[in-house]
Structures are given as C-alpha cells and as structure tokens.
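Open the structure in your viewer and keep the selection tool at hand. The tour goes from stop to stop.

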Amino acid sequence: MVLSTVALVQIFQNVFSVNPVGMLNYFLSWFQPSMLDSEWLSDPHRSLLIVAIAEGYKFAAVYMVIFYSALISISEEVIEAARMDGASGWKLYRYIKLPMIKGIIFTSIILVLNGSLKSFDIPYLLTYGGPALPANWSPPICISKRSAACITGMAARLPCSSPLSVFSWSDSLCKSSK
C-alpha cells in the first residue's frame with residue numbers, strides 16, 4: 001500500500017521484462033533455456049494474470065492485517081472450548097474461526113470488488129493498454145471508449161458501471177452520430 005503505483009509497475013516490469021532479461025525469465029531459464037525469451041506482458045493469454053498478480057500484491061498486506069485482526073479478536077474461551085470438544089488444525093478454522101469472522105470476509109469481498117472496479121492505473125501502466133483487450137476490464141475499456149466516442153459531449157454521459165453497458169452505449173452512440 002505504501003508503494004506508489006508507478007514504482008510497483010516498474011518493479012513488475014523489471015520482473016517480467018524480456019529485453020533486458022527480467023528476473024523471472026532469468027530464473028526460469030535455469031530449468032528450461034527456451035524460457036529466456038518468454039513474453040509475459042504482451043502475451044494475450046498471460047497479461048491479465050500478470051495484471052491480477054500486481055493488483056493483488058499491492059493490496060495483499062491490507063487484507064492480511066484485516067484478517068489477522070479478525071482472527072486474533074476471537075475469544076480464547078471459544079477456541080479453548082472447541083479444542084476440548086476435539087477440534088484442532090483445519091477443523092478449528094473451518095467450523096469455529098471462519099464462521100465467526102464471516103462478516104469480515106463478506107466486507108473484504110465487497111472492498112475487493114469495489115477496488116477492482118476502480119482499478120485503471122496498474123493495467124494501463126503495466127501493459128500500456130494490453131495486447132488487445134485481455135489485460136483490460138471495465139475502467140480501462142470505459143475510458144478508451146469515452147475517448148474514442150464520436151461525440152464528446154454525449155461520451156461524457158456514458159455510464160461506466162459494467163463492461164456490457166460500456167459496449168452497448170458506446171456502440172449505439174457512435175452508430176447514431178453517423
């Protein structure tokens with residue numbers, strides 16, 4: 001969270017670069033020499049995965065702190081009673097701890113979904129718009145459709161709530177303006 005987005009993107013570009021050889025390609029070339037020239041950021045099948053890893057890396061620490069604080073807030077009496085009843089290891093988490101923090105889990109899912117709908121900077125800076133559309137989702141598509149719309153005044157009113165609305169509104173907008 002402390003790293004700026006541009007610094008984070010620079011780190012990931014250095015890890016996944018081809019020229020100069022990035023850290024990942026260099027490491028993978030020890031096991032398979034043909035991996036030295038692997039395109040990660042410009043491959044349509046890999047680019048969305050790399051963007052998702054970068055987004056996840058940026059916000060992983062926040063959610064770790066949230067889940068850690070939720071888990072340590074569970075009363076020791078409850079855990080001790082569950083252990084006396086025979087729960088240990090995975091059963092303790094599955095039947096006792098996770099159900100007790102289900103509100104935190106639900107809230108975290110809402111926060112992740114909200115954040116993913118607002119993310120534009122990492123996919124754009126990491127892949128420069130991506131190979132075609134695989135690395136882009138709603139916000140980058142919405143911005144590119146707004147800037148490419150035929151009538152600027154009507155494009156400013158283009159809704160960006162979902163990728164489907166972006167495609168349907170911008171296509172009908174450009175067709176009606178011709």
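In which loop does proline 20 lie? Select proline 20: this residue lies in the loop between H1 and H2. Helices here are DSSP runs (H or I, at least four residues; strands are E, at least two), numbered from the N terminus.

Before going on, note that this is a predicted model, in which local features need pLDDT of at least 70 and side-chain atom pairs count only at pLDDT 80 or more, while totals for chains, interfaces and linings use all residues. Residues are numbered from 1 along each chain as its sequence is written, and side-chain values use heavy atoms, with hydrogens and water left out.

The peptide bond from asparagine 19 to proline 20 is cis, with omega near 0°. In general, most peptide bonds are trans.

Now select valine 21, found in the loop between helix H1 (5–16) and helix H2 (23–29). Valine 21 has a relative accessible area of 42%, so it is partly exposed (buried is under 20%, exposed over 50%, partly exposed in between, with a 1.4 Å probe and protein chains only).

Together with Val21 they form a nonpolar patch on the surface, with about 660 Å² of accessible area. Patches take residues with over 30% relative accessible area and no salt bridge, and nonpolar side chains (Val, Leu, Ile, Met, Phe, Trp, Tyr) are joined within 5 Å, like charges within 9 Å. A salt bridge is a side-chain nitrogen of Lys or Arg within 4 Å of a carboxyl oxygen of Asp or Glu. Accessible areas come from the Shrake-Rupley method with a 1.4 Å probe, and for residues only the protein chains shown count as cover.

Next, show H4 (residues 76–84) with H5 (residues 90–100). The two helices pack at an angle of about 155°, with their axes 11 Å apart. H4 is therefore roughly antiparallel to H5 (over 145 degrees; under 35 is roughly parallel, 65 to 115 roughly perpendicular and the rest oblique). Axes are lines fitted to C-alpha atoms, for helices over the stretch in contact, and angles run from 0 to 180 degrees between N-to-C directions.

Move to valine 112 in helix H6 (residues 102–118). The C-alpha atoms of valine 112 and phenylalanine 59 are separated by 8.9 Å, although the two are 53 residues apart along the chain.

Finally, show the whole chain: 10 helices and 0 strands. Of its 178 residues, 30% count as buried.
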